[in-house]
Amino acid sequence: MIKHSRERAIYGAFLSVTGCSVLYYLIQRNLASSPCYTKALRVAREHEKARRLLGEPLRFQALKLRDRENVITAESAHLLIPVYGSKAAGFLRTTAIHQDGDWKIESIVLEFKGRPQKVVLLAKDQTK
């Protein structure tokens with residue numbers, strides 16, 4: 001009886017960990033396909049200075065769900081998107097609002113890891 005209980009506990013723990021991992025991955029994938037995330041990536045890829053400072057090709061990592069700076073509500077989104085290139089790494093600090101059924105990017109600032117330098121890729125007054 002103890003052997004069966006131990007096996008059930010092991011299988012239960014394995015299924016729990018696997019289920020949590022799959023759920024974490026699915027949430028990340030869902031966020032990565034969201035309009036505010038994809039628009040921020042497009043702006044970064046098209047920004048010549050960002051490409052030059054980071055180095056090509058630009059690579060983007062999944063959002064860290066435990067990071068308290070990544071906040072999405074029905075009205076707004078504040079994302080810290082990890083980005084790196086062949087020369088440097090950093091984050092795209094993105095702010096967007098949900099308006100008229102679509103996400104409008106308000107600002108995108110490229111912040112570098114280990115350097116105080118920041119590059120404004122898109123400012124609020126530049127948005128349409």
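## Cysteines

Counting pairs of cysteine sulfur atoms within 2.5 Å as disulfides, the structure has zero disulfides. Cys-20 is exposed, with a relative accessible area of 54%, whereas Cys-36 is buried at 1%. Here buried means under 20% relative accessible area, exposed over 50%, and partly exposed in between, with a 1.4 Å probe and protein chains only.

This is a predicted model, in which local features need pLDDT of at least 70 and side-chain atom pairs count only at pLDDT 80 or more, while totals for chains, interfaces and linings use all residues. Residues are numbered from 1 along each chain as its sequence is written, and side-chain values use heavy atoms, without hydrogens and water.

## Nonpolar core

A nonpolar core is a set of buried Ala, Val, Leu, Ile, Met, Phe, Trp, Tyr and Cys residues joined through side-chain atoms within 4.5 Å. The largest one has 26 residues, and Leu-92 is among those with the most contacts inside it. Helices H2 (35–46) and H3 (48–54) each give two or more residues to this core, as do strands S3 (76–84), S4 (89–99), S5 and S6. Helices (H or I, at least four residues) and strands (E, at least two) are DSSP runs, numbered from the N terminus.

Leaving out residues up to four places away in sequence, Leu-92 touches residues including Ala-40, Phe-60, Ile-81, Leu-110 and Leu-121; contact means heavy atoms within 4.5 Å.

Strands S5 (residues 102–112) and S6 (residues 118–122) run antiparallel and are joined by four bridges; pairing requires at least two DSSP bridges. Val-109 has Val-120 in S6 as its bridge partner. Five residues lie between the strands, and Gly-114 in this hairpin takes a positive phi near 75°.
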